[in-house]
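Subject: Structure for you to look at

Hello,

Here is the structure I said I would pass on. Please open it beside this email; my notes on its pockets and cores follow.

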Amino acid sequence: MSLAYEEGVEFDASGSVKVRVPAKINLHLGCGPLRPDGFHDLTTVYQAISLYDDLHVMRADDLTLTIEGEGAAALPVDEGNLAIRAVQALAAHTGHEPLARLHLTKHIPVAGGLAGGSADAAAALVACDALWGTGLSRDELAKIAADLGSDVPFLILGGTALGTGRGEQVNPVLAGGGWHWVVAVADGGLSTPEVYREIDRLRDLGIAPRPAGPPDQLLAALRQHDPAVLAAALVNDLQAAAISLRPQLRNTLRAGKDEGALAALVSGSGPTCLFLAESSEHASLLATRLTGRGVCRTVRLAHGPVPGARVFA
């Protein structure tokens, strides 16, 4: 039996649902001071890019998670995993028993500044909503997602969006056309809380750049569809902290620029680095050259924007 899902997507209602969810990058990431609740005020422009995790969810008599692929051995399979907590949150919201068997195939680097854990939580919400037939809208799922993590609501929606608050308040941004990225994956990850503590420390010492202002230049650049214009508008307040904790990132960023990238920046809290290319052909050439420099573990190609978590056959 096949039922129509939101936005015309169809899914198998016989007891198995598959969801594909993208990574996110931050085209603009302005980080304000530490708030009393322990978070920072953020102004960010998210973009979903074509690096994906896949989640297969099946009916079961209990709640279990298995993982394969990128960084699987380092990830918990209990309530320490955001995907499990997402299933429990959806069940609590809808009155459904939190029963499902989840199998996650990871391609998004772990602790890489690409929101892989948040992506998996978004996938779990979309998948179990479909599996259980709870019929929530994307906006309703995003509200549940906001209690799970700052990036999770965006990865329900995807595309390009403005995030405010601690990043969980998401509004779509008009950004036609496609952008081409080379993604340099580092050895090992960085703890996001540690990066935020480091930016606070650097600011207390007066050696970090002042917080970025509103993303007006970035939003205007997206409307112009010119990669060179976008390159000049990219901002990440957390880059200084990521480099402070992982100084070798300077070499990665410098290598990308030397090889012809229009722009080079740390992705989110790092340590993944991003390089903007003029076109898909330019991105392929840049990736080949960057691979030869030996400044990262692996190099991947991606484009954006792409949709958020979606059911697929």
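Start with the second largest pocket: its lining divides into seven nonpolar, three polar and three charged residues. Please keep in mind that this is a predicted model. The volume of the second largest pocket is about 150 Å³. Ala186, Gln248, Thr252, Val295 and Cys296 are the closest to its centre, out of 13 residues that line it. Helix α9 (residues 249-258) supplies three residues, the largest share of that lining.

Next is the largest pocket, which holds about 980 Å³ of space. Its lining has 41 residues, and those nearest the centre are Ala115, Ser118, Asp151, Thr192 and Pro193. Which elements each supply at least two residues of this lining? They are the strands β3 (16-34) and β4 (40-58), together with the helices α1 (82-94), α2 (116-132) and α5 (192-204). By residue type, the lining of the largest pocket splits into 18 polar, 17 nonpolar and six charged.

Now the cores. The largest nonpolar core has 74 residues. Within this core, the residues that touch the most other members are Leu102, Leu125, Trp181, Leu222, Leu230 and Leu234. Helix α2 gives the most to the core, 12 residues.

Regards

Notes: Residues are numbered from 1 along each chain as its sequence is written. This is a predicted model: local features need pLDDT of at least 70, side-chain atom pairs count only at pLDDT 80 or more; totals for chains, interfaces and linings use all residues. Side-chain values use heavy atoms; hydrogens and water are left out. On a 1 Å grid over the protein atoms alone, a cavity is a set of points where a 1.4 Å probe fits but cannot get out, and a pocket is an open set with protein on both sides within 12 Å along at least five of seven lines; lining residues have an atom within 4 Å of a point. Grid points are joined across faces, edges and corners, and a volume is the space filled by probe spheres set on the points. Helices (H or I, at least four residues) and strands (E, at least two) are DSSP runs, numbered from the N terminus. Ala, Val, Leu, Ile, Met, Phe, Trp, Tyr, Cys and Pro count as nonpolar, Asp, Glu, Lys and Arg as charged, and the others, Gly among them, as polar. A nonpolar core is a set of buried Ala, Val, Leu, Ile, Met, Phe, Trp, Tyr and Cys residues joined through side-chain atoms within 4.5 Å. Buried means under 20% relative accessible area, exposed over 50%, partly exposed in between (1.4 Å probe, protein chains only).
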